[in-house]
Amino acid sequence: MKKEFLDLKWFNQFSEIGLFSIVDFLVGDPGERKQQKQKFLANEIRNPKLDYTKITTTFLNTTKVQLVKLLKNIEDEELSKVVKQSYAKLIQEKLVHLEILEAVNVADDLKFNDLTINEFGKPSPDILSRLIPSVFDMLSQASTSKNKSVQQACDQLRQVISNIPQHSDPILKSFVPQEEPTVESKQIKVRFEEAFSEYGIENWNIVIDFDNLNSFINISQKEQTVFIPSSRKISPLHLEALVKHEIGVHVRRRINAEKQAFKLLAIGLDHYLKGDEGLSKYEEIKIFPSSFNSTVEIYLGISLIHGLGGAKMDFRDIYEFFYNYYLVSRHGESNLTTDDAENYGWVRAEKFFRGTTGQSKGICFTKDLIYLDGYLDILEVLKKHPEEEKRFLV
């Protein structure tokens, strides 16, 4: 018997025009970015000029017209209140994302900042103060290092965060060092393929991305593909945590949603990502507690850029901070190098300043706050309604 869907007509139409992800457009030409990185690291420029070659005015205008038309048709023709409201909210979210991309396209950092904060929020001083104790614990652990570069990095970090208050109720009381990375992209791909088989997931692909200059794994719901940067390198335990995060939560929730009569659930309702990433982080930490380190870094970086450490920061400022952060957080590794610290500082800064020209101080892409915000929301749900955990993967 053929399965009937509540929203098949609207789902097919929306899928044709609305399955774009804002982050997919916040990348530049690999060659140009490489040149900017070289000039930046050589101190020929203070900040890099960030380009966004994937955004076109034609795409922005055409997609906006099509989404507005679809929204009107749904409002005029759809009888189900649930279907109508769900699509209306999701389309409105996508229209906001187009506005953000329009601001990026015309290099309007101020407008980008306002739209991004309205959509994704801004860092909380209270949450930041609950993260700082673990950072100071990291500094305390690294202070015993005999490596002069590590000692200098400790001093630099202390100066930057010295004005941030420490909360009496920290989210993480102590810093858990990560294992040394030994697993490379080809091995990651093999393990992800095994996970697809274990979970019974079909029709998904895994691609090693040689054009991606950063080291962050990305899932495309539209293409049903996991992209692994060729430079990605992690520890065996971290790999298992990522399998749980990316496949065990993100992809499985997508597969489980496709079994429902409401097809829109398969790609997610409006603003679903905060809960999805929060759950992924919750499951990841169970396996690999030090995976919380990256969550701390993200929230701390955005907070510092916004001035919660005392003064707003630009690309160069946050690069220098994470150059030092890398040396301190990995002080126990046998093959610690300043070249790796340089690359890490660049990758972190480039990700924070996605969507901006790279020239502004105090303006960055705040979307990644959702990892910690979502994780804290998951903990709150479990605190009040522990019985709901069994439904998280629905």
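Helices (H or I, at least four residues) and strands (E, at least two) are DSSP runs, numbered from the N terminus. The model is predicted, so to speak of local features a pLDDT of at least 70 is needed, side-chain atom pairs count only at pLDDT 80 or more, and totals for chains, interfaces and linings use all residues. Residues are numbered from 1 along each chain as its sequence is written, and side-chain values use heavy atoms, without hydrogens and water.

**The whole protein**

The C-alpha trace spans about 70 × 45 × 40 Å along its principal axes.

Select strands S2 (205-209) and S3 (218-220), the edge strands, each of which pairs on one side only; pairing requires at least two DSSP bridges between two strands. They belong to an open sheet of 3 strands in the order S2-S4-S3, with mixed pairing. Within S4, Val226 is the bridge partner of Ile206.

Next, select helix H8 (residues 185-199), which packs on the sheet and touches S2 and S4 (contact means heavy atoms within 4.5 Å). The direction of H8 makes about 170° with that of S2; axes are lines fitted to C-alpha atoms, for helices over the stretch in contact, and angles run from 0 to 180 degrees between N-to-C directions.

**A pocket**

Finally, select Arg253, Leu265, Gly268, Tyr272 and Asp276, which lie nearest the centre of the second largest pocket among its 21 lining residues. A pocket is an open set of points on a 1 Å grid over the protein atoms alone, where a 1.4 Å probe fits, with protein on both sides within 12 Å along at least five of seven lines; lining residues have an atom within 4 Å of a point. Helices H9 (236-257), H10 (273-287) and H14 (370-384) each supply at least two lining residues.
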